[in-house]
Amino acid sequence: MAPGMIIKGTSTYNGQQYATKVYVYMDFRTQYWWFAVNTKDEVLGYWPSIIFNNFERASQALFGGYVYDANLVQPPMGSGHMPSEGVNKAAYIRTMKVLPGGGTPKIIEPEMLEVTKIGSDCYGIGTVDYRGPPFEYTFFYGGPGNC
């Protein structure tokens, strides 16, 4: 996978579903922050530590979506369906984890989250729900845009 590449095996509305794992992690030897998909070995790129100020003392991590299309004022986000449509229909983020201080991965739980939606009513964000392994805590997001 590379920037701008089309992801094969995209989910269909109320049909076959596919997932992509996303990793952002720091290599403590080089101090680089790496961006990888599916496995930590499928690297798309990195950010050198020099561009981050005090990142090792971060007090928050952000999870969510952002859309841009030069030809559309408000393009679709996620699956293009509202979060209320739920499983097999709306886009979701699940099993959110952080790696505090190079320690053991910690699952993000609802009381650790502040759910915020910025922008128009063309998009939404659902509540964070526990769905059990392997999904753990999950939230749905997205919308049709152009409204």
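**Strands, turns and a buried glutamate**

In this predicted model, the chain has an accessible surface of about 10,500 Å², and 54% of that surface belongs to carbon and sulfur atoms.

Student: What share of the 147 residues in the chain is buried?

Tutor: The chain is built from 9 strands and 0 helices, and from the N terminus on its elements run β-β-β-β-β-β-β-β-β. Among contacts between residues at least 6 apart in sequence, 45% join residues at least 24 apart. Of the 147 residues, the buried ones make up 22%.

Student: Which residue takes a positive phi in the hairpin of β2 and β3?

Tutor: In the hairpin formed by β1 and β2, with 6 residues between the strands, Q31 in the turn has a positive phi of about 70°. In the hairpin of β2 and β3 there are 5 residues between the strands, and the residue with a positive phi, near 65°, is N38.

Student: What is the phi of N88, and why does N88 count as partly exposed?

Tutor: N88 has its place in the loop between β3 and β4. Partly exposed covers the range between the buried limit of 20% and the exposed limit of 50%, and N88 counts as partly exposed because its relative accessibility is 31%. Most residues other than glycine have a negative phi. For N88, a residue other than glycine, phi is positive and near 70°.

Student: How far from E136 is the nearest side chain of opposite charge?

Tutor: E136 lies in the loop between β8 and β9, and it counts as buried because its relative accessibility is 16%, under the limit of 20%. Not counting residues up to four places away in sequence, E136 touches T95, I107, D129, Y130 and R131. A salt bridge would need a side-chain nitrogen within 4 Å of a carboxyl oxygen, and E136 has none. The nearest side chain of opposite charge, K97, is at a distance of 6.8 Å.

Student: What is the omega of the peptide bond that joins P133 and P134?

Tutor: P134 lies in the loop between β8 and β9, and E136 in that loop has a positive phi of about 55° although it is not a glycine. Most peptide bonds are trans. The bond joining P133 and P134 is cis, with an omega of about 0°.

How values were computed. Residues are numbered from 1 along each chain as its sequence is written. This is a predicted model: local features need pLDDT of at least 70, side-chain atom pairs count only at pLDDT 80 or more; totals for chains, interfaces and linings use all residues. Side-chain values use heavy atoms; hydrogens and water are left out. Two strands pair if DSSP finds at least two bridges between them. Helices (H or I, at least four residues) and strands (E, at least two) are DSSP runs, numbered from the N terminus. Buried means under 20% relative accessible area, exposed over 50%, partly exposed in between (1.4 Å probe, protein chains only). Lys and Arg count as positive and Asp and Glu as negative; His and the chain ends are not counted. Contact means heavy atoms within 4.5 Å. Accessible areas come from the Shrake-Rupley method with a 1.4 Å probe; for residues, only the protein chains shown count as cover.
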